[in-house]
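Here is a short briefing to read alongside the structure.

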Amino acid sequence: MSQCPITYETCSPEKYSAKGLKKLHRSLTHLAPFDPGSLTGASALPAIPQSWPVPIGYGAINPKLQRMEAKASKGAFLLFPPSRQHSQIPENLDLCLRLARVAGIEVPFHGMVHNIDGTLTTFVAIPKTLGDWANASLRQEETASPTSKSSVEALAHWIQSECTFPRIEKSKLFLRLLFSWLIGFEAQALRDFNLQTDGPKTALAPPLILFNSQLLFGATGKEIGLSLHNRQQDFDRSDWVTYLGSELLDLPQEAVAFTLAQIKKSYGPWRAIVQDSFFSEELKEQFLDVIVARFSRLRF
């Protein structure tokens, strides 16, 4: 049974649903297989995590030829091809971005396209403010002290000092950090967080990349890439709710409760989406094991 890699809809016998193709480009009626070997690479992009294990590239839709084409410089999409060393990287990225949207996190338009060899490549729409993200990321790393470069505390201070409405952005940060822990994004670093400027407003930029790094690199003994309260593992509800939400980010009790309610409400839909995803059955089980274990530690 065929499943559209853009919408997850059943589309037998076609490779894509009509809805998925229209979301990708309004002129598409079909899409030729993509050749990931044509990518020239854009790995120097500062908005991409240092932990990302595979070179990426730029791409854009050619509506006349009905295909995704690699671009030597900035295109409409960032393209994340598969890897021989790591299992189902594109499927991992696409799934985690999909789960983030369900949880209430703003993410760019994304999906996957079929490759000529039967694998998949993930595409993520390039935000217009990507240049702002890169510059902000570099400034953040330059100004952070050596002892705080890998701490949530440094990140919270940066948001407080740089954003126009820091309380709003710290609420977004709270949700994003909690979500990243729940899905097993253990390789997250400071450079995964960027700012964007729209007129007079500076705000936290949506994530380009979210993934379960445990499935890629195995267990490292660290549950998050950034230290929280001088720790990177063995977190429980008090670490997230009391310390991070109330003390460090100074969020109102109502804001913390709202975020927790969002996360709790997402649990059922997350399980359904994981089961419908393009992961192998083994990876679906491993992915859900991480989520279930960490939900239990939040005592929902």
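**Briefing: strands, turns and spaces**

In the hairpin formed by β4 and β5, five residues sit between the strands, and glycine 118 takes a positive phi near 90 degrees. Please keep in mind that this is a predicted model. The points below start with β5 and its partners, then move on to other parts of the chain.

- Strand β5 covers residues 120-125, and six of the six are buried, so the strand is largely enclosed by the rest of the structure.
- Both faces of β5 are covered: one side carries Leu120, Thr122 and Val124, the other carries Thr121, Phe123 and Ala125, and all of these are buried.
- Strand β4 (residues 110-114) runs antiparallel to β5 and is joined to it by five bridges.
- Within that pairing, histidine 114 has leucine 120 of β5 as its bridge partner.
- Strand β3 (residues 77-80) is also antiparallel to β5, with four bridges between the two.
- Here leucine 78 stands opposite valine 124 in β5.

- Strands β6 (residues 195-198) and β7 (residues 201-204) run antiparallel and are joined by four bridges.
- Aspartate 198 is paired with lysine 201, its bridge partner in β7.
- Two residues lie between β6 and β7 in this hairpin, and glycine 199 in the turn has a positive phi of about 65 degrees.

**Backbone geometry to look at**

- As background, most residues other than glycine have a negative phi, and most peptide bonds are trans.
- Tyrosine 8 is not a glycine, yet has a positive phi of about 70 degrees.
- This tyrosine 8 is found in the segment before α1, and tyrosine 8 counts as buried because its relative accessible area is 12%, under the 20% cut-off.
- Glutamine 88, also not a glycine, has a positive phi of about 55 degrees.
- You will find glutamine 88 in the loop between β3 and α2 (89-103); with a relative accessible area of 19%, glutamine 88 is buried.
- Serine 12 and proline 13 are joined by a cis peptide bond, with omega at about 0 degrees.
- Proline 13 belongs to the segment before α1 (18-24).

- Serine 151 sits in the loop between α3 (130-143) and α4 (152-162).
- The relative accessible area of serine 151 is 8%, so this residue is buried.
- A polar atom of the serine 151 side chain lies 3.0 Å from the backbone nitrogen of alanine 154.
- Apart from neighbours within four places in sequence, serine 151 is in contact with Leu190, Leu226 and Ser227.

- The model has two cavities of 30 Å³ or more.
- The second largest cavity holds about 40 Å³ of space.
- Its lining consists of Val152, Leu177, Gln188, Ile224, Gly225 and Leu226.
- By class, the lining of the second largest cavity has four nonpolar residues, two polar ones and no charged ones.
- The largest pocket contains about 320 Å³ of space.
- Lining the largest pocket are 20 residues, and Pro36, Val54, Pro81, Pro82 and Ser83 lie nearest its centre.
- The lining of the largest pocket has nine nonpolar, nine polar and two charged residues.

Methods: Residues numbered from 1 in each chain as written. Predicted model: local features only at pLDDT ≥ 70, side-chain atom pairs only at ≥ 80, totals over all residues. Heavy atoms only, no water. 1 Å grid on protein atoms, 1.4 Å probe; cavity = no way out; pocket = protein on both sides within 12 Å on 5 of 7 lines; lining within 4 Å. Points joined across faces, edges and corners; volume = space filled by probe spheres on them. Nonpolar A, V, L, I, M, F, W, Y, C, P; charged D, E, K, R; others polar. Buried < 20%, exposed > 50% of the residue type's maximum accessible area, 1.4 Å probe, protein only. Polar contact = N/O pair within 3.5 Å; in protein donor to acceptor, adjacent residues only side chain to side chain. Contact = heavy atoms within 4.5 Å. Pairing = 2+ DSSP bridges.
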